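Me: I am new to this structure and would like to learn how to read it one feature at a time. Could you take me through it slowly?

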Amino acid sequence: MRTVDPAKHEAKRRAILDAAAGCFAMKGFEKTTTAEICRAAGISTGSLFHYFPNKRAVFIGIFEQDADETAALLAEAGEIEDPWESVLHVVVHVSEQLLHPVAAKLVLEVAAQCSRDADLARLIQGNDRALRDGLTRLVTRAVDAGRIDPGLPPPTVASWLVALVDAPLSRVILEPDLDPAAELAVMKELIARFLRPVLAISAPAAGRVADTGEISPG
């Protein structure tokens, strides 16, 4: 019996999913055929069905892979010594992915499919919840370290961070000349200004009260 190399099997599976993601983003789930996925992946139809039983399984596999990648990203962020940098690491990484035109179109397509597929909807909701829960833990650590305003509830902050990350999706599609690097720079500054802790107002020696301003966590 021929043995299967797990690493090669997983690498091929990922290659199929990456190729399929481009097809689904370009034509949508309904109009994409398995033959088109096979051509994009450079495999035969028989090879495709060795990895996935049908087109729906391929589509769902893309977002199961996304769940695995999110878990790995959060684990990686948890190892970063600076709590503030750990939060930014997750936000920037996810934003870089979603600012890619293919990813943006794919997200819109999965949103449409979720209205018709309850299992897919539960998977996507679970992915979103895992990201928010992971960010909540990272934000809590940053609050405890004095790097984020303690007056802001970590779960709420995490939800708004996810919303902020999702915000550019429609712009990427409507504005093809959008500069992802510039957008990320502005996003990071907005997040810093929103989350930075604020010094208490102090009275100088002359007796006039002055606002000392804000402290950037960066």
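Me: Where do Arg-122 and Asp-119 lie, and how many residues apart are they?

Reply: This is a predicted model, and in it Arg-122 and Asp-119 both belong to helix α7, where they sit 3 residues apart, or about one turn of the helix. Their side chains meet in a salt bridge, with 2.3 Å from N to O, and Asp-119 is partly exposed, its relative accessible area being 44%. The two residues also belong to a network of salt bridges that links them with Arg-56 and Asp-117.

Me: Which salt bridge do Asp-128 and Arg-132 form, and what is its N to O distance?

Reply: The side chains of Asp-128 and Arg-132 meet at 2.8 Å, N to O, and because these residues are 4 apart in helix α7, about one helical turn separates them. Asp-128 counts as partly exposed at 29% relative accessibility, and Arg-132 is likewise partly exposed, with a relative accessible area of 26%.

Me: How many salt bridges are there, and which parts of the chain can such a pair link?

Reply: The count comes to 11 salt bridges, and one of them joins Arg-147 to Asp-82, with the closest N and O atoms 3.0 Å apart. This pair links distant parts of the chain, 65 residues apart, since Arg-147 is in the loop between α7 (118-144) and α8 (154-166), while Asp-82 is in the loop between α4 and α5 (83-98). Arg-147 is partly exposed at a relative accessible area of 22%, and Asp-82 is partly exposed at 25%.

Me: Is Gln-65 buried or exposed, and which residues is it in contact with?

Reply: Gln-65, which lies in helix α4 (residues 55-78), counts as buried because its relative accessibility is 9%, below the cut-off of 20%. Leaving aside neighbours within four places in sequence, Gln-65 is in contact with Arg-14, Leu-17 and Asp-18. Across the protein, buried residues make up 37% of the 218 residues.

Me: Which residues form a nonpolar patch on the surface?

Reply: Leu-108, Ile-173 and Leu-174 form such a patch, with about 290 Å² of accessible area together. Leu-174 is found in helix α9 (residues 169-174) and counts as exposed, at 70% relative accessibility. For the protein, the accessible surface comes to about 12,400 Å², and 57% of that surface belongs to carbon and sulfur atoms.

Me: How many disulfides are there, and what is the nearest cysteine sulfur to Cys-38?

Reply: A disulfide is a covalent bond between the sulfur atoms of two cysteines. Here the count comes to 0 disulfides, and for Cys-38 the nearest cysteine sulfur, that of Cys-23, is 9.4 Å away, whereas the cut-off for a disulfide is within 2.5 Å. Cys-38 is buried, with a relative accessible area of 4%.

Me: Where does pLDDT stay under 50?

Reply: Where pLDDT is low, the predicted coordinates should not be read in detail. In this model the pLDDT stays under 50 over residues 207-216, for which there are 22 contacts beyond four places in sequence. The protein averages a pLDDT of 87, and 89% of the residues score at least 70.

How values were computed. Residues are numbered from 1 along each chain as its sequence is written. This is a predicted model: local features need pLDDT of at least 70, side-chain atom pairs count only at pLDDT 80 or more; totals for chains, interfaces and linings use all residues. Side-chain values use heavy atoms; hydrogens and water are left out. Buried means under 20% relative accessible area, exposed over 50%, partly exposed in between (1.4 Å probe, protein chains only). pLDDT is the predictor's confidence in each residue, from 0 to 100. Contact means heavy atoms within 4.5 Å. Patches are made of residues with over 30% relative accessible area and no salt bridge: like charges are joined within 9 Å, nonpolar side chains (Val, Leu, Ile, Met, Phe, Trp, Tyr) within 5 Å. Accessible areas come from the Shrake-Rupley method with a 1.4 Å probe; for residues, only the protein chains shown count as cover. A salt bridge is a side-chain nitrogen of Lys or Arg within 4 Å of a carboxyl oxygen of Asp or Glu. Helices (H or I, at least four residues) and strands (E, at least two) are DSSP runs, numbered from the N terminus.
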